[in-house]
2 protein chains.
Amino acid sequence: MALEIERKFLVDHIPAAVDGARLELEQGYLAADANGIEVRLRRSGSEFLLGVKYKVAAMSRVEVELPIGEEEFGELWPATVGARLCKTRRTLTCDDQVFYIDDYHNDLAGLVTAEIEFGSESEAEEFRPPSWLGPEITGVEAYKNRTLAQAGLPVGVTT
Amino acid sequence: MALEIERKFLVDHIPAAVDGARLELEQGYLAADANGIEVRLRRSGSEFLLGVKYKVAAMSRVEVELPIGEEEFGELWPATVGARLCKTRRTLTCDDQVFYIDDYHNDLAGLVTAEIEFGSESEAEEFRPPSWLGPEITGVEAYKNRTLAQAGLPVGVTT
């Protein structure tokens, strides 16, 4: 498990220092509850995961990720129809800070976001975003992955 | 995984032939979706499970159960507050048919149900309930475990 404390931003431009390695992520939601509980299937390269997250504070969530078999993934995947997305993840490490840069595909093409995880809420609050980041979208419903997966791009957004 | 095809009944009286072994089940729901997807945590004796079920036909559901660690169970259990129940399960095997007899506790005390699983929908349809079973509650929303866990006993039911 992890207590996940994170902030999320739109990306203005991807810095040259980004890691060349790319991870293809495909994910679908089994549940996305009004109480803030999310149950997600994810294929990360050749790894299959079932993750459960629930909210404990504004920027903090408990996250438990369980490795599952490809067979179990295949059995559960049909239940995520209408709530799926694909993205390519690249990683940038800068000043001991890891940025996960996600480039979305299909209906979400053009959307690029960056997530930064922190060790504490105070660390998260003190973070000063570098200039290549755009507007902050932490906690913005329309930009949550499960909302993007179900509803598509926010209306009025030009990517 | 299993394709779970089952029928469920109230129990009029528990037959003498019931297995003496008892299993204490404690379960809580992480999600119970309008689309029929359920995500359940269960402690079964000293076993910990995360189960996902989704509906594929009137009496059929796909069910995947993942063994999880006690630590993961402990991390996720707080998210099930307000959606929990306890029951004691006994098993009766009769004419190659297995009956799971569940005796509910706490707010649900007095409720006793039996579940019977089948190998096919036609087998399920041909099943003739023995006299110790009461009214059928297959698919009845108020008697689903997740509804019982969240809403308690159906109004007007005397157990």
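Predicted model: local features only at pLDDT ≥ 70, side-chain atom pairs only at ≥ 80, totals over all residues.
Trainee: How many residues of chain B are in contact with chain A?

Mentor: On the chain B side there are 18 residues in contact, and they meet 18 residues of chain A. The area buried between chain B and chain A is about 1700 Å², with carbon and sulfur atoms giving 75% of that area.

Trainee: Which three residues supply more than any other three of the area that chain B buries?

Mentor: Those are Tyr54(B), Leu66(B) and Glu75(B), which supply 29% of the area that chain B buries against chain A. As for elements, the strands β2 (23-32), β3 (37-44), β4 (47-55) and β5 (60-67), together with helix α1 (70-76), each supply at least two residues of the side of chain B that touches chain A. By class, that side has 15 nonpolar residues and three charged ones, with no polar residues.

Trainee: And how many salt bridges does the rule find across the interface?

Mentor: Between chain B and chain A the rule finds zero salt bridges, although two residue pairs are in polar contact there, both at pLDDT 80 or more.

Trainee: How many salt bridges does the structure hold over all chains?

Mentor: Over all chains there are 28 salt bridges. One of them joins the side chains of Glu4(B) and Lys53(B), at 3.3 Å from N to O. Glu4(B) lies in strand β1 (residues 2-11) and Lys53(B) in strand β4 of chain B, so this pair ties together parts that are 49 residues apart in sequence.

Trainee: Are Glu4(B) and Lys53(B) buried or exposed?

Mentor: Both Glu4(B) and Lys53(B) are buried. For another pair, Arg43(B) forms a salt bridge with Glu26(B), where the closest N and O atoms are 3.1 Å apart. That bridge runs from strand β3 to strand β2 of chain B, so it ties together parts that are 17 residues apart in sequence. Arg43(B) is partly exposed at a relative accessible area of 28%, and Glu26(B) is likewise partly exposed at 25%.

Trainee: What about Arg40(B), which residue does it form a salt bridge with?

Mentor: Arg40(B) forms a salt bridge with Glu63(B), with the closest N and O atoms 3.8 Å apart. It links Arg40(B) in strand β3 with Glu63(B) in strand β5 of chain B, 23 residues apart, and both residues are buried. In chain A, salt bridges that share partners join residues into one network, among them Glu4(A), Arg40(A), Lys53(A), Glu63(A) and Arg146(A).

Trainee: Where does Arg146(A) lie?

Mentor: Arg146(A) lies in helix α3 (residues 145-151) of chain A and is buried, with a relative accessible area of 12%. Leaving aside neighbours within four places in sequence, Arg146(A) is in contact with Tyr29(A), Ala32(A), Glu38(A) and Glu141(A).

How values were computed
Residues numbered from 1 in each chain as written. Chains lettered and ligands numbered in written order. Heavy atoms only, no water. Contact = heavy atoms within 4.5 Å. Buried area = accessible area lost by both parts, 1.4 Å probe. Salt bridge = Lys/Arg side-chain N within 4 Å of Asp/Glu carboxyl O. Polar contact = N/O pair within 3.5 Å; in protein donor to acceptor, adjacent residues only side chain to side chain. Helix = DSSP H or I, 4+ residues; strand = E, 2+ residues; numbered from the N terminus. Nonpolar A, V, L, I, M, F, W, Y, C, P; charged D, E, K, R; others polar. Buried < 20%, exposed > 50% of the residue type's maximum accessible area, 1.4 Å probe, protein only.
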